[in-house]
Every structure is written in structure tokens, then in C-alpha cells.
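Please brief me on the fold, the core and the surface of this protein chain. Keep it short and group the points by topic.

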Amino acid sequence: MAQDPKATEPSSSVDAANLSKNSEGKLDEKKKDENELSEEDQELKQQLELLVERLQESDINLHRPALETLRTLIRTSTSSMTSVPKPLKFLRPRYSTLTQVYEKWMESDNKRFLSDILSVLAMTYADEGKRESLQYRKQGSSEPAGSWGHEYVRHLAAEIIDEYTARTEKESPEITDDLLALGLELVPFFLKHNAEADACDLLIELESLDQLPKFVDKNTFQRVCLYIVSCVSYVAPPDDVSILKTAHSIYRSQNEWPNALQISIRLNDIELIKDDFNSCPDSLTKKQLAFILARQRIFWDTEDDDLNNILSNAELSEQFYSLARDLDVLEPKAPEDIYKSHLENVRSGISSTNVDSARQNLASTYVNAFVNAGFRSDKLMTAATDEDGSWAYKNKDHGMLAAVASVGMIDLWDLSKMNELDKYMYSTNDYIKAGGLLGLCLLAAGVRDEAEAVFGYVREDEWINNKSSVIRSSAIAGLGIANAGSAHEDIMELLLPFVSDTGLSMELASLAALSLGQVFVGTCNGEIASTILQTMMERDDVQLKDPYAKFMGLGLALLFLGKQEAAEAPLETLKAIEHPLAKQVGVLLEICAFAGTGNVLKVQQMLQYCTDHLDAEKEDDKFQAFAVLGIALISMGEDIGSEMTLRSFNHLMHYGEPVIRHSVPLALGLLCASNPVVHVLDILSKYSHDNDNEVALNAIFAMGLVGAGTNNARLAQMLRQLAAYYHKEPNCLFMVRIAQGLVHMGKGTMTINPYHSNRMLLSPVAVSGLLTVLTAFTDVKTLILAMYPRFLITLDENLKTLPVTVRVGQAVDVVGQAGRPKTITGFQTHSTPVLLAFTERAELATEQYLPLSSVLEGFVILKKNPDYMDEDVDSKHAK
């Protein structure tokens, strides 16, 4: 039966009445709680009210004692982290009364005293935006702000920043000297009380960070510099440069030469680098600086032979070989040891490709070169069974070239092995000769003395001006690889005519421009830049459509790597070229200029390029591929930017045009080079099965880049499954083999990630190698530029290997953390030499030695700790 709605009215009105009674009861209880203060609190409240009344009286003699008592009560009050101090709480109703008293009083010491107290009270009661704490502070006595406590100082700093911003944003900016003076009073307090981040933030906002060095001492400089350097990624130019210069001057003032040099390298200021190096008074520390410079491929002649030896990387091969001996990985590996075909789930006889086909042999050549790189021996090319070079003849044309060149990679950095390539130089086959030339250049990559010897050999007319284009192109490309980053003037004189000669093929001219870009990477060389631009203007449209033409643009872009605004002039010049190539080169130039900066505006600009839906048949859309690579290249130096980039790539894969989808896997490979992040591997694994064959190929190669030199077991398993999946697709299978070779590169001892020194420094030479491979994605040999051992080798004062115990664990970001937090977590203790993964950091596990570099990576010199006391020896003496 239906219920009468009217019947419910009385009960609902009763409920409402009960509800109002309950709420009234709760209010009464609240008032009761407020009234029921403890005797102590009640006494304090009455005392404060009496003091306020005293201040309102006309007798001036009562004011001073009342103010003194008020100050004492406020300063001595204690509070929990969740409540306001009692005196501030009880004075709340009296705040307006006190401000009226202040207005009535004549100018005097008492008025300034009251102004100090009101400044503190305003922290709790004043209306937001009025900045009353600051106003009263300026009118108060010159008593130290720190005497009122930390929270007051922080609040005052915030109001100073707000006031400074308000004044400077006006149409006619006002004078801010008073705010700066007040801010500088707070800095010593912050530094003294472990609030270095607050001190730095205040000076950064007041645009006066250059004042910081005079406040910093030996106890605070490390935390201060760590914080301000971490801020660089989040400020706009030119503030980033001023922050780095401040950190540099602090390190110099504290005689922290390795850290100062790393900042100079990051600033890319060669004069500052030389000044740091030459100003260092300690000869042993100078050797440590030389190791840092050698890692970055910065070299100049000094009067000290030992320093020259370190700077030129002359001992790199020997040290790498001893590392391999200590790790017991000298045994050469055959490609089949990497493929592990017996684990692939493929029935025998089902494969449609001939096992000894040229393509399979070429894959084996590359895998063999990657895996045995730097180990001086292998089972294909340098084995005793292959004295006549029979493996090279199992390949065709460019396969022969690659096979012979791979000898240079196997003997990487070892000048004594040049004679192994000499026998190929007398061959009648041009591809064999070209491979020999390229092998010589690979062998000398990054080692100054070897590169000089190779340059003297290759520059001879017999090679550089040979009638065979394949020999000439090998000689030209090889010079770029061997001398990358050296800024060798003689190479410019030799190769510039190749760039400007419009009668030459586009292939040779572009390779010459690319080599010059690699040799003069990041130097902004005006002569080379103008020659390349002039050549692009003079060449006709047919030549500019040549696939090699983009290398000419890449050569130009590499000149301005990391130089930001310096690239504006060539960008304007490119606008005068009407050919679509100009747009591609313009994008390349922009992404190189801002590489590793994390510049958000440039990332957004690249994303904007990717949103255009162009018809590939009517318009040129190749520039979009470079824009995708640019997103990764710009944001790769900064963790938050990298995370955001991964999300953007997901959208591009869903909604982008084919040219964009093809490039996304390559960009992922660049973003996480030699850093096998699990979720990135899963994404690439999904793309490697894409319906679009080019996406799949690039994804497979990107998997190799992400795991390069890591021996990652999960990735190796993925690639074996892909080999089984693509066993009937020769192109994809070839790429899987290349990726397998990359993963096991240097038997797990090498990296191709361009970041080093705790991910603080970007190697321009390594970036140039990676970009060349990704731009072309046909010439895998150029990856040699980015290869470097990922070791930590400790040396004694005589530069001999010194085994010590170190803790290796995952790096922890300790910026701005209180106290002295641990910099690594989940560590294991090893004896040096050790291998370090991309996300790992090492620290000494013994106090017996002191490292000369704060970053334990690469070569680190140790000296004995004069304060070290051996506990075992002490206990024996005690007995």
C-alpha cells in the first residue's frame, strides 16, 4: 500500500529540530573548550593583554619594559609543527590595536622596537598580499632577523621576493637596493642553519646570485653548489650561464679544481677551461684534470709529457685491456655466441635465407666488431685461421669494406696494431683498400697521437684524391671519425675545398661537410659554416634532393652543438634557400643548438612541427623526422623532461603521420641510450611487431641502442624471440642481429650514452656520432664516436692501477636534503676496477685514500689520507 506523503512531514520536522539542537550543542562545546584554557595559558593570555594595555597608556616609561617582556615571551614560546605559538595566538584580537598604537607614536627607539614585534605578528595575522611583515621590518630597528626564529626569516624572504617582483614588473621599474640589502642580511642566517636552498632561491629571485660566493665557506660550499647547479635546467638563458659562473667561482675559491673544471666544460668556454687547468698548483690534481679533459676529448699541448700522454688518451687501450683481464673477459666471442640460435624457437630447415648469405655475413661482421671492440682479438678477422683475410672475401662490395674496417674496431685505440691493416692497403680491390683506410681511422678514434699519424697517412693524394669514389669517401669520413672534436686546422684546409667544389658529387661534398662538423663540433667555426651555406645556395635542386644532402646540413648543425642563440645567424641565412632541404637543415640546426638544455619552448616548437599533417607527395615532410629526434635530444639531459617526452611520443605514435611514426623509436633509442629502462623496452618491443615495416626495423635498432653495452639479459631474450619471429624476413633479421651485437658491445664493458661525470657533462663527440647514425641510419660504423668504456679505474700517485674497495649502487638525488644523506642506495662492495651502469654511482669504501675527483667515474687518482689510522695496527700497539 502506498504511504501518505503528508504522514512523513512531522517526523522530518522532528529530525530537523534534532539536527539544529545537535549543531548548537557542538558550538557550545567548542566555545566551552576555548574558554577552558589551562591556568598557565589563562595567565599568559592575561599577561599579554595587560602588556598591550600598557602600550596604550600615555606614560612613555611603561612602554619599554612592556615591549621587552613582549619580545621575551614571543621568542621563548615553543610550538609543535602543527600549531601556532601561544603568544601569537593570544595576540590575534589585539593586532589591530597594536597597529593603531604604532601609528599614534612619535618616531623613537620604542616605535622601532614595536615595529619589529609587529613585523613578527604580521607573519600570522596580516592580509595576504599586503606584505606588512616587510614594511614593519624596514621601519624597525636593525636587530638581526634571525633572532626571531627560522620561520620568520623564511616568511620575510618570501615577502622580499614578492615585493621585488612587483617593483620590477612595473612599466617604470622602481629602485630595489633596499630589498637587496635586506635580502643579503638573511643569507648568512640561512647558510648557518642548513637552509642553503632558501639562501640560493632568495638570491636567484633578487637577481644577485653573484653575491653568493662571499657568504660561502668550506662547510657550506658543496651543498650550495649542488643546489644551484641542479637549478640550471629550470631557468631561462642567460640566467643559466650566470648560475654556472657563480658555482665556478665558488669552487675556485675553495680550491676544488676538478669540480671547477667540470663547470667550465659545461659552459663550453675553452679559455676558462685552460685557465682552470693552468692555475691548478698541485701536479697530481692536474693529472686528474687531464683525465677529465681526455674523457671530453679536449686536448692541447703542454710542457709536461705525462700530462700530454693523459690528454691524448694514449694509455686508454692498455688500461681497457687490463680491465678486461681483471674481469676475465679477454676470450674472443664469435657471433654465434651472441645469437645463441639453439635457443631460438625455429625448426631447422625452415629458414628461407642461406646461412652463408652476404647479408648474414655482413651482420656477423658488425656483431663481431661490436662484441670484440678494443679486445685486440676475435674469431673472424684477426684469428690465426684468417691470415689471408678469407672472411672479408665472403662478403660483397660494401660488405668487404665493413669486414676490413672491423679490424680497426677490434684493435680500437691501439696504435701498435696499425700493421694488421697495412696488408689490406696493397689489395687490388677498391673496397678492401677503402675498408683498410676506414679501419685505420676507427682504430685511432679519440687517441690524439694515433689520429695525427693516421691523418698524415690518409691526407696523401693516393687516398684523399683517389679516382675511386669509395676510397675517397672512406678517407673523408674516416678523418672525421679519427679526429672528432679535435678542431684540427689542417683538416679544415684539406676538406673545405671538397665542400665548396660544385663539380664534385653530392656524396663526397656532404661527407666532407659532415667530417668537418664532427672535427669542429660545437666550435661555431664561421669559415666552415659560411662555406656550407654558400654551397647549399649554389647547388641546383636536383643535387639538393640527393639522399646525402642531409649530411651537409648535419655538418653545419654540429658546428653549433649546444651553442643556443649563436645559431640564429645561420638560421636566418637558411631562409634565403627556397629548397625544402633548407627546412630540414633549419630543424637540425635548432635541435643541435639546444641539445641537452631541456629548453621547454624548443620542445614545444618541435611538437608544433609534428602536428602538421602534410601530404608527402606534394610537400616535403622529412623535417618532421628531425623534429621528433630533436624532442629527445633537447630533453635528454633532464629527468622530468625525459618523462614528459615519453608521454609525448606515445601521442605521436597514435596520431602522427608515417614519417613521424618511423622516427619515434629512434628518438626513444637516443633518449635512453645504454640505459635499459624496463617500460621503454616494453614500448619498443611492441613497436618491433608493428605492421609498418620501417617502424619495426627502427624499433629493433632502437632496442639495440637502449641496451648498448649492458649485456641486459631481458633484452637479449626479447631479441632472440624477435629473431625467431622474423626468421623469414631477411631485413628484419639483419637488424635483430645488429641489435644483438650492440647489446653485447665490448662484452658489456662499454656505453654509448653521451652523458658522463654523474650525468653532468655532455660529450659533443658522442652526440655527433649518435646523431649521424640516427640521421642516416644506414652507416652503423659511425657509432664508434660514442663508444667509451663505462669503468671506474683507481690509480695511485704514479698512475699505476691501485685496487681499492668501492661501494657501487643506484644514484640518489640528494639536492636540498637535510643533513648528510647517502648518495647511493642498494649498494654492493667491489674491488676496483669496476663497471658502472648509467644510473649507478660509486663511492670509496675505505678512508685510507682520498680521491682527487668528487666524481668516481673513468680514471680517478687516489692519494693517501694523512689522517688515516689503521685500527688493526693501533690495537696491536695497544697490546
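How many helices and strands does the chain have? The chain has 42 helices and eleven strands, taken as DSSP runs numbered from the N terminus, with helices being H or I of at least four residues and strands E of at least two. This is a predicted model, in which local features need pLDDT of at least 70, side-chain atom pairs count only at pLDDT 80 or more, and totals for chains, interfaces and linings use all residues. Residues are numbered from 1 along each chain as its sequence is written, and side-chain values use heavy atoms, with hydrogens and water left out.

**Overall**

- Of the 879 residues, 53% count as buried. Buried means under 20% relative accessible area, exposed means over 50%, and partly exposed lies in between (1.4 Å probe, protein chains only).
- Contact means heavy atoms within 4.5 Å. Among contacts between residues at least 6 apart in sequence, 69% join residues at least 24 apart.
- The chain exposes about 40500 Å². Carbon and sulfur atoms supply 48% of that area. Accessible areas come from the Shrake-Rupley method with a 1.4 Å probe; for residues, only the protein chains shown count as cover.

**Helix α11 and its cover**

- Helix α11 spans residues 221-231. Its buried residues are Phe221, Val224, Cys225, Tyr227, Ile228, Val229 and Cys231.
- The cover over these buried residues includes α9 (177-192), α10 (196-205), α12 (239-253) and α13 (257-267).

**Cysteines**

- A search of the whole structure finds zero disulfides. A disulfide here is a pair of cysteine sulfur atoms within 2.5 Å.
- Cys225 is in no disulfide either; the nearest cysteine sulfur, that of Cys200, is 8.3 Å away.
- Cys200 is buried, at 0% relative accessibility. Cys225 is buried too, with a relative accessible area of 0%.

**Aromatic pairs**

- Rings of Phe, Tyr and Trp (its six-membered ring) pair if their centres lie within 6.5 Å; planes under 30 degrees apart count as stacked, over 60 as edge-to-face and the rest as tilted. The count comes to eleven aromatic pairs.
- The rings of Phe221 and Tyr251 have centres 6.3 Å apart and planes at 85°, so this pair is edge-to-face. The pair links distant parts of the chain, with Phe221 in helix α11 and Tyr251 in helix α12, 30 residues apart. Both residues are buried.
- Phe291, Tyr788, Phe791 and Phe859 are linked by ring pairs into a cluster.

**Two further buried residues**

- Arg137 lies in helix α7 (residues 132-139). It counts as buried, at 5% relative accessibility.
- Beyond its neighbours within four places in sequence, Arg137 is in contact with residues including Asp116, Glu143, Tyr152 and Glu185.
- Trp413 lies in the loop between α20 (398-410) and α21 (418-422). At 3% relative accessibility, Trp413 is buried.
- The C-alpha atoms of Trp413 and Leu316 are separated by 6.8 Å, although these residues are 97 apart along the chain.

**Surface**

- Tyr234, Ile640 and Met644 form a nonpolar patch on the surface, with about 340 Å² of accessible area together. Patches are made of residues with over 30% relative accessible area and no salt bridge; like charges are joined within 9 Å, and nonpolar side chains (Val, Leu, Ile, Met, Phe, Trp, Tyr) within 5 Å. A salt bridge is a side-chain nitrogen of Lys or Arg within 4 Å of a carboxyl oxygen of Asp or Glu.
- Ile640 sits in helix α35 (residues 639-655). Ile640 is exposed, with a relative accessible area of 51%.
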